Amino acid sequence: ILDNKNTKELLSYIKKNGYPNINKLKCNQSPDLVFLHSQEKYHKKIKNIIDLEYKNKNINEFLYLSLLRHLGGRKENDLNKILINSNDSQKKNIIIK
């Protein structure tokens, strides 16, 4: 399955090079979006990584909360609630419908 391959590759990259960003990888999409397609068997590893990266301010609050939503089984379906509850200054006036 492609999602597993991408998740494994991203986890391997992080282990070797640290947490990626768009500028570091010279891509036009946030590489951590791969984690939004990860299967449950990777969730514990991903949670440990994003907890650390959020603490170190390498990922913003909105991304952190969005990834936690996925890892938690997407029980919270309203991303607007995540935005409202986020204090992230980078979110600006984003509304997701």
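Read from one end of the sequence to the other, the protein follows the pattern α-α-α-α-α. In other words, there are 5 helices and 0 strands. Please keep in mind as you look around that this is a predicted model. Of the 97 residues in the protein, 33% are buried. Among contacts between residues at least 6 apart in sequence, 49% join residues at least 24 apart.

In soluble globular proteins, nonpolar side chains tend to be buried together. Here, the largest nonpolar core has 14 residues, and Tyr19, Phe35, Ile46 and Ile50 touch the most other members. Helix H1 (2-17), helix H3 (43-55) and H4 each supply at least two residues of this core. Which helix gives the most to this core? That is H4, with 4 residues.

Ile46 makes a handy landmark for the next step. Setting aside its neighbours within four places in sequence, Ile46 is in contact with Thr7, Leu11, Phe35, Ser38 and Leu71.

Take H1 and H3 to begin with. Their axes are 12 Å apart, and the two helices pack at an angle of about 40°. An angle under 35 degrees would count as roughly parallel, so H1 and H3 are instead described as oblique to each other. H1 passes H3 in a left-handed crossing. On the H1 side the contact is made by Thr7, Leu11 and Ile14, and on the H3 side by Lys45, Ile46 and Ile49. An α-helix has 3.6 residues a turn, so residues three or four places apart point the same way.

Now turn to H3 and H4. Their axes come within 11 Å and cross at roughly 165°. Because angles over 145 degrees count as roughly antiparallel, H3 and H4 are roughly antiparallel to each other. The crossing of H3 and H4 is left-handed. From H3, the residues involved are His43, Ile46, Lys47, Ile50, Asp51 and Tyr54, and they meet Glu61, Tyr64, Leu67, Leu68, His70 and Leu71 in H4.

The buried residues of H4 are Glu61, Phe62, Leu63, Tyr64, Ser66, Leu67, Arg69, His70 and Leu71. At the start of H4, a side-chain oxygen of Asn60 reaches to within 3.1 Å of the backbone nitrogen of Phe62. Just after the helix, Gly73 takes a positive phi of about 90°.

A polar atom of the Ser66 side chain lies 2.9 Å from the backbone oxygen of Phe62. Leu65 also has its place in helix H4, but Leu65 is partly exposed, with a relative accessible area of 23%. From C-alpha to C-alpha, Leu65 and Tyr54 are 9.8 Å apart in space, while in sequence they are 11 residues apart.

Notes. Residues numbered from 1 in each chain as written. Predicted model: local features only at pLDDT ≥ 70, side-chain atom pairs only at ≥ 80, totals over all residues. Heavy atoms only, no water. Polar contact = N/O pair within 3.5 Å; in protein donor to acceptor, adjacent residues only side chain to side chain. Core = buried A, V, L, I, M, F, W, Y, C linked by side-chain atoms within 4.5 Å. Buried < 20%, exposed > 50% of the residue type's maximum accessible area, 1.4 Å probe, protein only. Contact = heavy atoms within 4.5 Å. Axes fitted to C-alpha atoms, helices over the stretch in contact; angles between N-to-C directions. Parallel < 35°, antiparallel > 145°, perpendicular 65-115°, else oblique. Left-handed = near helix turned anticlockwise from the far one by under 90°.
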